[in-house]
Amino acid sequence: MVSGRRRGLSSVLSSLSLLCVVLDLQLDGVLGATPVEIEHHLEMGRKLLAAGQLAEALSHYHSAVEGDSKNYLTYYKRAAVFLAMGKSKSALPDLSQAIQLKPDFLAARLQRGNILLKQGNTEEAREDFLAVLNRSPDHEEAHDQLHKADDLDLLQEEAHEAHHRGDYFTAVQVLEKVIELSPWDPESRELRAECYIRLGDPRKAIMDLTPATRLRADNRAAFLKLSQLHYSLGNHHDSLSQVRECLKLDQDDKECFVHYKQVKKLSKQLDSAEELILEQRYQEAIEKCESVMRTEPNVACYTNKAKERICFCLVKMKSAEEAVDICSEAHQREPQNIHILRDRAEAYILQQEYEKAVEDYQEAREFDQENQELREGLERAQKLLKQSRKRDYYKILGVSRSANKQEIIKAYRKLAQQWHPDNFQSEADKKEAEKKFIDIASAKEVLTNPEMRQKFDSGDDPLDPENQQGGGGGREWPFGFNPFEGGNFHFKFHQH
């Protein structure tokens, strides 16, 4: 029994011993890179850096640093790669380590000072520049950078004073110079963004806040402000994207979460409305647009967008009167919106108010001369106006432009019975009835033929001799006959 325990203990000790040897060998492989291997990594890093393959170069410099953590030049070279990749924050620790290993390494001091200056940290930047000048009093670049640090201090103070007294225009002008000297300083960009907001220019504020989010490790405030600015401009997708970035940093951030719920709800409603429009489910789209206005009644651009889309849907549904009312309200809110003017013009065409349609298309074209849809719409409205001054088949039958075939035939029968020449006694009355009856028959022919109706709706009269190939000629009777010449053809009408 005792001997069995001893054998077991001996086996465990043997296994532990073997494990230690293996671990020792592995650690030697990681930490104890030979000078030849380190030099290989440095050489590969140099070549890849020269070829612009920065990520691969960085990988080799990582290996070189791990192999020899006491070589100040290796840290400096890795810092150079970080800077080439635009990662100044990552370069700083390497430059500091290089300086710690070799305090009189002036190139690293100068490089670190330049980074600190661009970050707006004038106090620490000044220390580096003075350290360089202490060892090399005639160093020209260090002198220049030290003067820039002094200038930056004065400009920062001037900008803050202008902002404090509410002179935002001056503050923006001064911050222009500040940011030129310290482009990596998030505070200056955030201050200028605030000034732009005060001056009523949120788009420029967005341009400053966007890089500011990358210049701080945890800039939830900038992400939230960006989201709010995009939201105020109607850019709900961008707003949602930015507030999600805030929640990635801290999913429990209360301000970001409250804003996120609002943006997500509104964005979903707007996207859903557009999908319904694509599916031609216009009534449902209108209801979704109305829910948008209830969800966000305080930001005008969302009400404007909702009314614009309701206007569009009503035109598609051929609800002309209601469309004109909604489109006119939307036009008052956004006088230069070409889509609203286009849709109201189409609503006027449905109402056969062609002059108003022409006016709306002309007004829309003033805002966008190159838009082909507007040009074609204007040409069609002008044709319809010209056509209406000749014969309007819809008016002849007394039906709307959205009337279906059954409604057209019903109107035709009623009018044809009313104006049949046999119903009149005097020659003058018969002549007038003949003219009206011909127009009624022509209207029925055109409007019950899909191809001819489409041509007429585009502004061309398919029965107008001017539009026929070969030009003039006599009157062509509908269906190829003249109902008033001799023959055995008789119209029969049934009383209902």
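Student: Is Q352 buried or exposed?

Tutor: Remember that this model is predicted. Look at the relative accessible area. A residue under 20% counts as buried. Q352 has 12% relative accessibility, so Q352 counts as buried. You will find Q352 in the loop between α18 (338–350) and α19 (354–367).

Student: What about the phi of Q352?

Tutor: Start with the general idea. Most residues other than glycine have a negative phi. Now the case here. Q352 is not a glycine, yet its phi is positive, about 65 degrees.

Student: Which loop holds K318, and what is its phi?

Tutor: K318 sits in the loop between α16 (300–316) and α17 (320–333). Its phi is near 60 degrees, a positive value in a residue other than glycine.

Student: Let me step back. How many helices and strands does the protein have?

Tutor: There are 24 helices and zero strands. The protein has 496 residues, and 41% of them count as buried.

Student: How much of the contact total comes from residues 24 or more positions apart?

Tutor: Take the contacts with a separation of 6 or more. Residues 24 or more positions apart account for 53% of those.

Student: How do I describe two packed helices? Take α10 and α11: what are their angle and axis distance?

Tutor: Give the angle, then the distance. Helix α10 (residues 186–198) and helix α11 (residues 202–215) pack at about 155 degrees, and their axes are 8 Å apart. An angle over 145 degrees counts as roughly antiparallel. Therefore α10 is roughly antiparallel to α11.

Student: What is the handedness of the crossing?

Tutor: α10 passes α11 in a left-handed crossing.

Student: Which residues make the contact?

Tutor: From α10, they are P186, R189, E190, R192, A193, Y196 and I197. From α11, they are K204, A205, D208, L209, P211, A212 and L215. Now sort them by class. The contact has nine nonpolar, no polar and five charged residues.

Student: Where is M207, and how far is it from A193?

Tutor: M207 is in helix α11. In sequence, M207 and A193 are 14 residues apart. In space, their C-alpha atoms are 8.0 Å apart.

Student: Is M207 buried or exposed?

Tutor: Exposed is over 50%. M207 has a relative accessible area of 62%, so M207 is exposed.

Student: Where is N219, and which residues does it contact?

Tutor: N219 lies in the loop between α11 and α12 (220–232). Set aside its neighbours within four places in sequence. N219 is then in contact with E190, A212, T213 and L249. E190 and A212 also belong to the contact of α10 and α11. With a relative accessible area of 4%, N219 is buried.

Student: One last case. Which helix holds E329, and how far is E329 from C311?

Tutor: E329 is found in helix α17. E329 and C311 are 18 residues apart along the chain, and 9.3 Å separates their C-alpha atoms. At 34% relative accessibility, E329 counts as partly exposed.

Definitions and conventions: Residues are numbered from 1 along each chain as its sequence is written. This is a predicted model: local features need pLDDT of at least 70, side-chain atom pairs count only at pLDDT 80 or more; totals for chains, interfaces and linings use all residues. Side-chain values use heavy atoms; hydrogens and water are left out. Axes are lines fitted to C-alpha atoms, for helices over the stretch in contact, and angles run from 0 to 180 degrees between N-to-C directions. Helices (H or I, at least four residues) and strands (E, at least two) are DSSP runs, numbered from the N terminus. Angles under 35 degrees count as roughly parallel, over 145 as roughly antiparallel, 65 to 115 as roughly perpendicular and the rest as oblique. A crossing is left-handed if the near helix is turned anticlockwise from the far one by less than a right angle, and right-handed if clockwise. Contact means heavy atoms within 4.5 Å. Ala, Val, Leu, Ile, Met, Phe, Trp, Tyr, Cys and Pro count as nonpolar, Asp, Glu, Lys and Arg as charged, and the others, Gly among them, as polar. Buried means under 20% relative accessible area, exposed over 50%, partly exposed in between (1.4 Å probe, protein chains only).
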